[in-house]
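Reader: Hi! I'm new to reading protein models, and I'd like a close look at one part of this one. Could you start there and then walk me through some other pieces?

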Amino acid sequence: MAFDGATVRALSRELSDRLTDRKISKIAQPEKDELIFTIKGGGETVLLFASGSATLPLLYITEERKKSPDTAPAFCMILRKHLQGGRITEIRQMGAERVIRMSVEHLDEMGDLSTKHLYFEIMGRHSNIIFTDADDTIIDAIKRINSFVSSVREVLPGKKYFIPAQEGKCDPDSCSEDFFMNNIMPRGTSVAKALQGSLTGFGTTLAEEVSYRAGVDSAASTAALSPDEKKALYSALTAYMSEIDRGKYAPVIYKNPDTGASVEFSPLPLKHLSDMKEERAGSVSEMLFLYYSSKNKTENIKQKSEDIRKLLHTLIARNKKTLAIQEKQLADTEKMDNYRVYGELLHTYGHTAPEKAKEITVDNYYTGEKLTIPLDPRYSAMENAARYFARYDKLKRTKENVTGRIENTKAELNHLSSIEASLSFVESAADLNEIRREMHDAGFTKKSGTGGKKKVSEKAAPLHFVTKDGHEVYVGKNNYQNEEVTFKIGSARDIWFHVKTLHGSHVIIKTEGKELPDEDYIIGAQVAAYYSEGRDADKVEVDYVQRKEVKKTPGTAPGYVIYYTNYSMVVHPSLEGVSKTE
């Protein structure tokens, strides 16, 4: 769920209650689009996290500290100059927009009190953090926008700050029944699209919730609604906005009951998601932190791994092209046995061929049928035979050579694909460095002329879970960790799991030499399916076997193993039944 107007309102009120009249002690910019404010007052220290990222804009109180660069970026230095030591005088939402303004009072260069504003725009790809003076003249922004980027609004020092008008949209707080009935309902689109397109700060989730509370299908056309259904929609809208305005929030995160993955959040309970698993939060900020902290970390890792992704995409495409050429070359050798037979038959029957003949028909003693052999009239039958044998020998050598090259190309392609799959499981910079190291060790970065061996500052550890009955489960997040899980952590009688025919993690359940309950076999298979290319599939086939049956072939890529005796089961990818440990 993206931030909508209701969430921004709840957050702005919470931040206002918590941070007004407190002082900004420190300002840091750990990432290009991120800021962390250390705010003190009332006997406590609070960290306010803000992100102007186009993919994951955020604003919430956090307890997570981030390491800042040795040299602060220019925007951070400007904020420190004007805001550090300043007192927060107001935090409020701008109308129903997804914009929060924080006003700060501080002493200027002359020692006089001065007010500055920070606008946190949580607006998808248009998100930004903009710093202005008291009369809203822009001092700077975390992302400067010139006229080449946007013809609607420039965000540059000296320009006037304003929020672009949304033509035809109404503030949901002040939306009259007359406007609702005469401007929103006649749109002729689905109910959800009509609400989203007509109400400021209204997202998909709010549209679904209002529709559900009104007993109306959100996918139905507004033109098909009865007068009573339209009235029910308006009543549901006003009732929901009234709940938001009263400020009695009950922040909740909704999770997939199978995987435990967070799928939605809201400052008020959502009735249309009653079949989801609920996790209550103590505040709006806590809700946002719990929901977004892992996503933010994932987004940062994704950005930092972009060079690897591009390189892998290039290498995989190149290997696929090479493989296609090699397989065509192999297909061209299919005629080689025909040339050998032509040569042998010409040795037997060539003396019967007329001089300068273009072909000869003979008895094929291999099949018992007649066979017509093409001849080059410039050469004798014996010379034609020698030429056919030469072709046969050349194609035979080609087949032997290209067969080996195809095996090598397939092995390299499989290795690259396994690395690409493991990028989905990266959770830290250490995991990412381990993948960089694997690519360097395999020669992929050297071949590309980019990258190089990265120094790993900390060792990346495999994932560690515990089942309900206390059995330990280990999961490799990349090929090096897969080898560690299988051959260092795993013992002979432990149970090993891996998805069938797909790339995925090696999973070990420790048995301590005892029989494993049937339920834990299912859990192990579900975990292996979850940490694989089949994560989003409904059903995935998983192999499982005692670890002693898994062997490593010398000279093969890391993570590549073989096993012959195994069992299989089909499961739904899930982490249900296990708890992650730190």
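Predicted model: local features only at pLDDT ≥ 70, side-chain atom pairs only at ≥ 80, totals over all residues.

Reader: Which residue in β12 is the bridge partner of V252?

Author: In β12, V252 has R280 as its bridge partner. Three strands make an open sheet here, in the order β11-β10-β12, and the pairing is antiparallel. At the edges sit β11 (262-266) and β12 (277-280), each of which pairs on one side only. From one strand to the next, the twist averages 25°.

If you want one spot to look at, find E90, which stands opposite S103 in β6. The hairpin of β5 and β6 has five residues between the strands, and G95 there takes a positive phi near 60°.

Strand β7 (residues 113-121) is where you'll find S114. Is it buried or exposed? With a relative accessibility of 15%, S114 counts as buried, because the cut-off for buried is under 20%. Its side chain has a polar contact of 3.0 Å with the side chain of K116. Ignoring neighbours within four places in sequence, S114 also touches V104, E105, H106 and D108.

Now for a helix. α8 (residues 306-332) is 27 residues long and spans 39 Å from first C-alpha to last, close to the 39 Å expected at 1.5 Å a residue. Its buried residues include I308, L311, L312, L315 and I316, and also N319, L323 and Q326. Here's a handy rule for looking at such a list: an α-helix has 3.6 residues a turn, so residues three or four places apart point the same way.

For contrast in setting, go to T352, which is in the loop between α9 (336-349) and β13 (359-364). T352 counts as partly exposed because its relative accessibility is 47%, and that class runs between 20% and 50%. The side chain of T352 reaches back to the backbone oxygen of Y349 at 2.7 Å. Compare that with K321: T352 and K321 are 31 residues apart in sequence, and their C-alphas are 47 Å apart in space.

Let's finish with another open sheet. Seven strands line up antiparallel in the order β20-β19-β17-β18-β16-β15-β21. The edge strands, each pairing on one side only, are β20 (567-571) and β21 (578-580). On average, neighbouring strands in this sheet are turned by 30° against each other, direction ignored. Inside it, β17 (residues 495-499) and β18 (residues 507-509) pair antiparallel over three bridges, and I495 has I509 in β18 as its bridge partner.

Helices lie against these strands too. α13 (residues 479-489) lies across β16 (472-475), β17 and β18, and runs at about 140° to β16. α14 (residues 518-530) packs on the sheet as well, touching β15 (463-467), β16, β17, β18, β19 (540-546), β20 and β21. The direction of α14 makes about 40° with that of β17.

Notes
Residues numbered from 1 in each chain as written. Heavy atoms only, no water. Helix = DSSP H or I, 4+ residues; strand = E, 2+ residues; numbered from the N terminus. Expected span 1.5 Å × (residues − 1). Buried < 20%, exposed > 50% of the residue type's maximum accessible area, 1.4 Å probe, protein only. Polar contact = N/O pair within 3.5 Å; in protein donor to acceptor, adjacent residues only side chain to side chain. Contact = heavy atoms within 4.5 Å. Pairing = 2+ DSSP bridges. Axes fitted to C-alpha atoms, helices over the stretch in contact; angles between N-to-C directions.
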